Amino acid sequence: KKKMVMLASSLGAAAVLAIIGLVALNMMGGGGDVPENGVAEGTNGNGTDTVNTNTIGNGRSVTGTMGTGGTGTGSTSTGGTTVVANGGGTTGTPGATGAATNQPTVLVQNIVADDGQLLWASPTTGSAIVLDYVPTGAQIFVIVRPADMLASNEGQKVMQSLGPEFEAARADWEMASGVKLDQVEQLIMSLHDNEGKTPRPHFVVRLRTPMPEPELVARWGSPSPVTDTNGTFYDSRGWSFHAPPRAAGQVFVMGAAPEVKLVMQFQGAPPPLRKEIDRLLNVSDSQRHFTLLFAPNYLFNDEGQKLFTGPREKALKPLFWFLGDGLQAGMVSTHFGGDFYLEMRLYASLEKEPYRLASEFRNRLQELPQAIEDYIVSLNPHPFWRRVALRYPQMIRFMHGNTRIGAEQEHAVINAVLPGHSAHNLFAASELVMVSTPGAEYVPTGGGPTVAAGPKTMQEVLQHKMTFDIPQQDLINAAADVEKAVIDELPNLPFEFRIKLMGPDLKLDGITQNQRIADFKMADAPLGDILTGLARKANPDPSAKDASDPAQKLVWLIGPDPADPSKQIILFTTRQAADRDKLALPTTFQLKSS
């Protein structure tokens, strides 16, 4: 489940950096390059003519672009009003050779002249997000529209740009849920306290096409139903699942049993929210591709800080600086259709009125270019992305020139409109910044790429120290997670590292590959000890006093790969099978002489 949290934190890595500086760290120019004058090329035909507008009465701004021989979408005044179109700016008079393509909605707003400072308009006009089927107690909510993202070329590139960590998390989630992301209309993830461990994720999955409950159950691995006083749920693959009857196959939820039972208890009603989060939720836009809604104080308490582990730990300090004191709630959203749109809304305490809050953030934004330039110098970036790193200052200033700050109703608003191709470049750069270490030295060699020093044999790999935390998971998935972690941490091994469960041998001893592992955590421990710990946790006989006890049926060892006996891999098997095949057990499993 820790990987499932990464499904959001990987997708949200750039959003976290957006909170730090409206993605100033990561803005990339068109086609991989930004012209030296800092102006992006080819946004709408031969040029753009921006018209910013501001709604009288509801505090929302409107903008449109009109290309000269470009797409032809744009905005003009029609008797002092304009109609906002779905997916981009406003629709009015087309460009010189183009044709208006958007279908108008019913939202009518007044036009005012652009003074270069009014907030950019939203490219979407969706209703507020509704948190049906979300359990109580969360202070962080991530709302994504995966199918819409993957339907666009830029959305696919954004997904690809998030790196291998996200790909692994995505694969795990799709395997556990039984559905692919391109089948999901809306995915809501909320994070819940987990007694000092990494917060527990809960997912609300809204499908593009409804599926009857029997089909969903089959996709979850055909588990037996569990009857509760409030309904039926299913336990499988370390998760609890529930298909709400009133959703008619359009929605299912997956998470830990306590949260799923809460959803059933309250029949899917939206959870009560703290006032500030609720008010930001009321001005959210359900059509945006990505929305992050959060309580800032949660990010810095003992539970929230666990979201910033490993390379992301470095984001905590600048995040605290950027958010400052007195902030009660924040919302970051992005949309990848046409131009790339990014927006942040910030709700402060009553003593800090929104104009003052917006002014404070304006001042912090002005400090970013120099601070980021200094940080990039400290990175000593690898040649792989050094050219990108050295262009950051220009990119940041270009981004800063396209950022608007203002106040609407009770909160401050910061938004930016950037060329469409900026999005995937931005997210990819976020990953590079996150995984780079200031002060790390790159030492080229005379021939070919540098190969990092590391283990050269399986025995050396088993001595490699790691930290592993499993709140609740099946043995087969836990083994896969360990295998992936080793490959990620030791990418230059001279051999293929694999872990395989010998299913038929386990079955003979009454052990299933879905043996439950719960509350398992080992910090800075050799890999061999972690494997032994997993075997101890998944052993079906609780009477085993230690690994050397004959009652410890489940063991691991180094043995021949069944698919290619010339290779040695890690096998999870049984004492009986190891004895039958004359395979040597690690010392820790060897029986003590009487």
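**From helix to rings**

Analyst: Helix α5 has Gly-163, Phe-166, Ala-168, Ala-169, Arg-170, Asp-172, Trp-173, Glu-174, Ala-176 and Ser-177 buried (under 20% relative accessible area; exposed is over 50%, partly exposed in between, with a 1.4 Å probe and protein chains only). Keep in mind that this is a predicted model, where local features need pLDDT of at least 70, side-chain atom pairs need 80 or more, and totals for chains, interfaces and linings use all residues. Numbering starts from 1 along each chain as its sequence is written, and side-chain values use heavy atoms, with hydrogens and water left out.

Helices (H or I, at least four residues) and strands (E, at least two) are DSSP runs, numbered from the N terminus. With 15 residues (163–177), α5 should span 21 Å, and its end C-alpha atoms agree, at 21 Å apart; the expected span is 1.5 Å times one less than the number of residues. Next comes Gly-178, with a positive phi near 85°.

Now the rings: the whole structure holds seven aromatic pairs (Phe, Tyr or Trp, using the six-membered ring of Trp, with centres within 6.5 Å; planes under 30 degrees apart are stacked, over 60 edge-to-face, the rest tilted). Trp-220 and Tyr-234 sit with centres 5.8 Å apart and planes at 55°, so that pair is tilted. Trp-220 is in the loop between α6 and β9 and Tyr-234 in strand β10, so the pair ties together parts 14 residues apart in sequence. Trp-220 is buried at 0% relative accessible area, and Tyr-234 is buried at 9%. Trp-220 also meets Phe-252, at 5.4 Å and 65°, so that one is edge-to-face. Phe-252 lies in strand β12, so this pair links parts 32 residues apart in sequence. Trp-220, Tyr-234, Phe-241 and Phe-252 make up one aromatic cluster.
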